[in-house]
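Have your viewer open and try each task before reading on.

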Amino acid sequence: MSKRQIHSLISIILVFVIWEIIALFVANRAVFPHISDVFVSTMSLLKDPYFYRSFFITSLTGLSAFLLSFLIAFGALYMLYIFPVLKTYVQTLASVVKSLPVASVTILFLIWIKTSSLPFYVAFIMSLPIVLETVCLAEPSFYNQNVESAIVLGVGKTRIFFDICLFNIRYLLLSALRSALPVAFKSAIAAEVIALVRNSLGNIMYESKIFFETDRLIAVTLVVVIAVKIYETILATILKKLCYIKKNER
């Protein structure tokens, strides 16, 4: 094992030890369950067909909202390359939208759209500014020596953008993915809880809170954290291949 893996393992063990100490001190499973309680609840969830249906719908909502925001930001990135003057407008829009509270957006959208579609729109609105802000940081990469040489050689702007610029900003795109994807899922689940969306992980969390099933609530949360990490790894691998990132460049 590498030093990084060893330190990560030690960190996990410390978290578990602190968790158990707090659980023993509180001595109330409804308020702060033991790790064993969470494990049992997780196994129970994995046997429940309703959980899988809810997990699929929430995952589809979070992923689709993130992908849409990423595609729009990608289009904005191309427009910034063609029309650099748009940077100020994009930054202002991203700054305003980013400051909006999730609860306010959710309640407002409840007036305009049907409940079942609400989490998608909230997740999209909350993840979009994060990707847009990263896109604005990429603008200086459009003016390096390789780009200038390609312009002198008469290469078209579109080809320069896809063949040179995307490679130059590959790590910024990865950063945007790793920042915006968790926000999309957190916002979607928060909207599901507020709007009481059926067949969703947010609804399972709300029911767990109502019936004081804290161990079940934590189990669902852990599943979401692990799932988001898996989705992030898969999407990052795809993005690396699209941007021609080799493994030894990590």
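The exercises below go through helix pairs and then a pocket.

This is a predicted model, where local features need pLDDT of at least 70, side-chain atom pairs count only at pLDDT 80 or more, and totals for chains, interfaces and linings use all residues. Residues are numbered from 1 along each chain as its sequence is written, and side-chain values use heavy atoms, leaving out hydrogens and water.

**Exercise 1.** Describe how α5 packs against α6.

Step 1. Helix α5 spans residues 102–112 and helix α6 spans residues 118–137; helices are DSSP runs of H or I with at least four residues, numbered from the N terminus. Their axes lie 10 Å apart at an angle of about 140°. Axes are lines fitted to C-alpha atoms over the stretch in contact, and angles run from 0 to 180 degrees between N-to-C directions.

Step 2. α5 and α6 are therefore oblique to each other; under 35 degrees is roughly parallel, over 145 roughly antiparallel, 65 to 115 roughly perpendicular, and the rest oblique.

Step 3. The crossing of α5 with α6 is right-handed, that is, the near helix is turned clockwise from the far one by less than a right angle.

Step 4. On the α5 side, V102, V105, T106, F109 and L110 meet L118, Y121, V122, I125 and M126 of α6, with contact meaning heavy atoms within 4.5 Å. Nine residues of this contact are nonpolar, one is polar and none is charged. Here Ala, Val, Leu, Ile, Met, Phe, Trp, Tyr, Cys and Pro count as nonpolar, Asp, Glu, Lys and Arg as charged, and the others, Gly among them, as polar.

**Exercise 2.** Which residues of α9 and α10 meet, and at what angle do the axes cross?

Step 1. The axes of α9 and helix α10 (residues 201–210) come within 7 Å and cross at roughly 55°. That makes α9 oblique to α10.

Step 2. I189, E192 and V193 from α9 meet L201, G202, M205 and Y206 from α10. By class, there are five nonpolar, one polar and one charged residues.

**Exercise 3.** Which residues of α9 meet α11?

Step 1. Helix α9 (residues 170–195) packs with α11 at an angle of about 145°, the axes being 10 Å apart.

Step 2. L173, L174, L177, R178, L181, P182, F185 and I189 of α9 meet α11. This contact has 13 nonpolar, no polar and three charged residues.

**Exercise 4.** Which residues line the second largest pocket?

Step 1. The lining consists of F16, W19, I35, V38, F39, T42, L222, V223 and I226. A pocket, on a 1 Å grid over the protein atoms alone, is an open set of points where a 1.4 Å probe fits, with protein on both sides within 12 Å along at least five of seven lines; lining residues have an atom within 4 Å of a point.

Step 2. The largest share of this lining, four residues, comes from α2.

How values were computed. Helices (H or I, at least four residues) and strands (E, at least two) are DSSP runs, numbered from the N terminus.
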